[in-house]
Amino acid sequence: MNKRNYAKELEARIEQFQKAGEYPKLLLHACCAPCSSYCLEYLREFFDVTVFFYNPNITSDGEYRKRVAEEKRLIEEYNRQVEEGSFTGMNSGPGARKIGIIEGVYDPGQFYEAVKGLEECREGGERCRKCFELRLTETGRVAKEMGFEYMTTTLTISPLKNADVLNEVGREAAARSDVTYLPSDFKKKNGYKRSIELSQMFGLYRQDFCGCSFSKAQRELEKENRSGL
Ligand code: SF4
């Protein structure tokens with residue numbers, strides 16, 4: 001069976017929009033600023049993008065605040081380029097639109113409820129699928145409520161996340177809310193590498209664990225094992 005190439009599928013959709021002269025409204029679920037950096041650089045050329053920061057999986061209030069503050073700072077950096085006229089990509093010029101941001105509710109109880117019974121799963125397993133479902137279902141709901149035709153997520157930029165699972169969960173979540181999910185695999189075309197360069201360029205805070213308390217504990221254990229403690 002041929003493996004799907006979601007990056008190519010997105011390119012094909014973009015080509016259709018370009019041919020039709022469309023600049024569609026896109027709600028982009030974002031997990032953190034480093035992952036958003038490349039996704040926004042790429043998508044803002046073709047879409048009127050609004051970021052949706054909904055991540056009740058994040059382990060603590062302090063960590064959440066750090067991540068959301070960095071997301072806002074990154075968006076300000078990109079929007080400053082529009083104001084100053086230094087953004088020269090497609091859809092730039094006087095009509096260029098700034099990137100918007102909507103912050104979802106931060107209620108870790110929603111996450112713990114969604115992953116109940118799956119606490120012991122390793123990163124990449126069934127717990128992560130439930131976590132994706134929670135975040136992308138809410139993205140679909142907000143997209144519908146606020147009149148966005150399209151949605152997708154920055155999560156596919158992570159080499160540690162399964163693009164098939166993410167795209168399937170995203171498609172199902174979008175369908176439930178009657179919006180269109182755009183397939184993505186942002187790590188392709190050197191997207192992940194570019195996100196590291198951009199994170200350095202903007203001096204973004206880059207956490208070394210995915211987000212939840214379980215992933216934090218797993219990462220700490222891995223570090224301990226590596227250092228032979
Ligand atoms: S490891 Fe990441 S994707 Fe998986 S449940 Fe935790 S926060 Fe969610």
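Good morning. A residue is called buried if 20 or more other C-beta atoms lie within 10 Å of its own, exposed if 12 or fewer, and partly exposed in between, with C-beta atoms placed from the backbone. The model before you is predicted: local features need pLDDT of at least 70, side-chain atom pairs count only at pLDDT 80 or more, and totals for chains, interfaces and linings use all residues. Residues are numbered from 1 along each chain as its sequence is written.

I begin with two loop residues. D178 lies in the loop between helix 6 (163-176) and strand 5 (180-181); helices (H or I, at least four residues) and strands (E, at least two) are DSSP runs, numbered from the N terminus. D178 has 10 other C-beta atoms within 10 Å and is therefore exposed. Its phi is near 60°, a positive value in a residue other than glycine. K189, in the loop between strand 5 and helix 7, also has a positive phi, near 55°. With 14 other C-beta atoms within 10 Å, K189 is partly exposed.

Next, helix 2. Of the 11 residues in helix 2 (residues 33-43), 10 are buried, so this helix is largely enclosed by the rest of the structure. Among the buried residues are C35, Y38 and L43.

Finally, the ligand. Which residues are around the ligand? They are N57, E123, R127, C128, C131, C210, G211, C212, F214 and S215, where a residue counts as near if its C-beta atom, placed from the backbone, lies within 6 Å. Helix 5 (126-145) and helix 8 (213-227) each give two or more residues to this shell, and helix 5 contributes the largest share, 3 residues.
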